[in-house]
Amino acid sequence: MSDADIGGFSKATLEQAPATASEPTHARFHGKISIDLPPNKPQVQRSGYAAWRNKDRGPTIFGKSLWDVHRYSFLALRIKSDGRKYFVNVQTESIVYTDIHQHRLYAQRPGEWETVIFDWSNFVRTNYGQVVEPQNEMMTQKVRTIGIGLTDRVPGSFDLSIAGIWATNRMGDGDSHSLDRTKSEEND
């Protein structure tokens, strides 16, 4: 999805890239951000974003199919970033359907594969991009979707590769780094 859904001009693609001698199989999220507003839609005041998330898992005979990751302390992603300011988005089965828990995706080595670790407790609850109070603990026993968004509103190309997303209790595997940052660092 992108601002093209509301008449904007950003373009985004999520596609599978097969393994090569130097790259693992991965999803490639790429495209171009445009901050141009549609001339025939004066109600659109902002543009310049792109995002993706997994589809809702289908229902089972026991009800909705959700991920229960409450026994895990961290979310891990294996990525190769272009260095832009992405967000990891987690949607849970909560009271407010449109709430999203977000965390900045800090790449330490743009252009190289790295594993990034997020503490579940450091995600911030938002709704339509705005921080929501009170900040309730994320319902990690009822995770609906996980995705990544680019909302920096900087025109130009973007390219992020994701080789894996998983829940874990381990802090690292040798090339990973934790994203336990303060709120002031989040706003950089």
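This report describes strands, core, selected residues and salt bridges in a predicted model.

**Strands and sheet**

Six strands make up an open sheet, ordered β3-β10-β5-β6-β8-β9, with antiparallel pairing. The edge positions are taken by β3 (50-53) and β9 (130-131); each has a single partner strand, so one side of each has no neighbour in the sheet. Within this sheet, strand β5 (residues 86-92) and strand β6 (residues 99-105) run antiparallel and are joined by five bridges. Asn 89 has Gln 102 in β6 as its bridge partner.

Strand β4 (residues 74-80) is joined to β7 by seven bridges, and these two also run antiparallel. Opposite Ile 117 in β7 stands Ala 76. Seven of the seven residues of β7 (residues 113-119) are buried, so the strand is largely enclosed by the rest of the structure. The cover extends to both faces: one side carries Trp 113, Thr 115, Ile 117 and Asp 119, the other Glu 114, Val 116 and Phe 118, and all are buried.

**Nonpolar core**

The largest nonpolar core has 24 residues, of which Leu 75, Val 90 and Leu 105 touch the most other members. Two or more residues each come from β2 (26-33), β3, β4, β5, β7, β10 (143-150) and β11 (156-168). The largest share, four residues, is that of β10. Leaving aside residues up to four places away in sequence, Leu 105 is in contact with Ile 79, Arg 84, Tyr 86, Phe 87, Val 88, Val 116, Phe 118, Ile 148 and Leu 160. As a general point, nonpolar side chains in soluble globular proteins tend to be buried together.

**Two loop residues**

Ser 47 sits in the loop between β2 and β3. Its relative accessible area is 2%, under the 20% limit, so Ser 47 counts as buried. The side chain of Ser 47 reaches two backbone oxygens, that of Ile 35 at 3.1 Å and that of Asp 36 at 3.2 Å. Beyond four places in sequence, the contacts of Ser 47 are Asp 3, Ser 34, Ile 35, Asp 36, Leu 37 and Arg 153. Ser 34 is 13 residues from Ser 47 along the chain, with a C-alpha separation of 7.2 Å.

Lys 142 belongs to the loop between β9 and β10 and is partly exposed, at 35% relative accessible area. Lys 142 and Gly 58 are 84 residues apart in sequence, and their C-alpha atoms are 14 Å apart.

**Salt bridges**

The whole structure contains nine salt bridges.

| Pair | N to O distance |
|---|---|
| Arg 28 and Asp 159 | 2.8 Å |
| Arg 84 and Asp 152 | 2.8 Å |
| Glu 112 and Arg 109 | 3.3 Å |

Arg 28 is in strand β2 and Asp 159 in strand β11, so this pair ties together parts 131 residues apart in sequence. Arg 28 is partly exposed at 28% relative accessible area, and Asp 159 is partly exposed at 26%.

Arg 84, in the loop between β4 and β5, and Asp 152, in the loop between β10 and β11, tie together parts 68 residues apart in sequence. Arg 84 is buried at 13%, whereas Asp 152 is partly exposed at 21%.

Glu 112 is partly exposed at 44%, as is Arg 109 at 28%. A network of salt bridges links Asp 56, Lys 64, Glu 93 and Arg 144.

Key: Residues are numbered from 1 along each chain as its sequence is written. This is a predicted model: local features need pLDDT of at least 70, side-chain atom pairs count only at pLDDT 80 or more; totals for chains, interfaces and linings use all residues. Side-chain values use heavy atoms; hydrogens and water are left out. Buried means under 20% relative accessible area, exposed over 50%, partly exposed in between (1.4 Å probe, protein chains only). Two strands pair if DSSP finds at least two bridges between them. A nonpolar core is a set of buried Ala, Val, Leu, Ile, Met, Phe, Trp, Tyr and Cys residues joined through side-chain atoms within 4.5 Å. Contact means heavy atoms within 4.5 Å. A polar contact is a pair of N or O atoms within 3.5 Å; within protein, one must be able to donate a hydrogen and the other to accept it, and residues adjacent in sequence count only if both atoms are side-chain atoms. A salt bridge is a side-chain nitrogen of Lys or Arg within 4 Å of a carboxyl oxygen of Asp or Glu.
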